[in-house]
Amino acid sequence: MKRVFALLISLSLLAVYAQAADRVVGTIYHTDIAAKIDGAYIPSYNISGSTGIVVEDLGDYGFDVRWEAEARELHAAPNADAFSADYTPVANTHRVGSVAGKVYATDIKTYLNGEEVPAYNIGGATVILMDALNRCGTVKWDSAAREISFISVQPWSEKLYDVDCEADLSRPMDSFSLTASRNEDGGFETT
């Protein structure tokens, strides 16, 4: 009797689990908004008023993307050496704002730079919103160009020079102060 009860509970949980994956959680709309990653266009979707991108596409845009099948996890992390994007956007031929499809819930846990982010299923692909990329750089909206852009935080360095150009620069520094403030272009101003 315990086995039958355990089997019934397991089947019930599987049914609930399967229904959750088929649950509609949003709408895809036709849009004239373009999305860019570090200056290169990337395919995108208008998901209930926000711009979404396919996580697997990030593999061509400076990210390492890794699928862990057993855990049902998708991981993406910045890797500037992995940039190989070559996408040209196609003009929207539909009325902007008209319904293009449905967005479904997903059971796939999606991580961006080690942090879990909300993800969705569109036609079997895992999609995240562009705003989630703020964990790895800066997301900016340009209303005049109708573009949303992600600018990655590139490794940077600041050379420190002794005020006295004739001084021995090989000696150890006792102390210094450096302030880095992100500017509106996604770069840094240093003092």
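Is Phe63 buried or exposed, judged by its relative accessibility? In this structure, which is a predicted model, Phe63 has a relative accessibility of 3% and therefore counts as buried, the cut-off being under 20%.

Phe63 forms a tilted aromatic pair with Phe150, with 6.1 Å from centre to centre and 45° between the planes. Because Phe63 belongs to strand 6 and Phe150 to strand 14, the pair ties together parts that are 87 residues apart in sequence. Phe150, at 2% relative accessibility, is likewise counted as buried.

The whole structure holds two aromatic pairs, and the other one joins Tyr61 and Phe83 in an edge-to-face arrangement, at 5.9 Å centre to centre and with 80° between the planes. Here strand 6 supplies Tyr61 and strand 7 supplies Phe83, so the parts tied together are 22 residues apart in sequence. Tyr61 is buried, at 4% relative accessibility, whereas Phe83, at 33%, is partly exposed.

Turning to the largest nonpolar core, we find 23 residues, of which Ile37, Leu58, Leu112, Ile128 and Leu133 touch the most other members. Strands 2, 3, 6, 7 and 14 each supply at least two residues of this core. Beyond its neighbours within four places in sequence, Ile128 is in contact with residues including Thr51, Ile53, Leu58, Leu112 and Val117.

Finally, the largest pocket contains about 440 Å³ of space. Its lining comprises 22 residues, with Thr31, Ser44, Tyr87, Val90 and Asn92 lying nearest the centre, and strands 1, 2, 3 and 4 are the elements that give two or more residues to that lining. By type, the lining residues are 14 nonpolar, seven polar and one charged.

Key: Residues numbered from 1 in each chain as written. Predicted model: local features only at pLDDT ≥ 70, side-chain atom pairs only at ≥ 80, totals over all residues. Heavy atoms only, no water. 1 Å grid on protein atoms, 1.4 Å probe; cavity = no way out; pocket = protein on both sides within 12 Å on 5 of 7 lines; lining within 4 Å. Points joined across faces, edges and corners; volume = space filled by probe spheres on them. Helix = DSSP H or I, 4+ residues; strand = E, 2+ residues; numbered from the N terminus. Nonpolar A, V, L, I, M, F, W, Y, C, P; charged D, E, K, R; others polar. Core = buried A, V, L, I, M, F, W, Y, C linked by side-chain atoms within 4.5 Å. Buried < 20%, exposed > 50% of the residue type's maximum accessible area, 1.4 Å probe, protein only. Contact = heavy atoms within 4.5 Å. Phe/Tyr/Trp six-rings, centres within 6.5 Å; stacked < 30°, edge-to-face > 60°.
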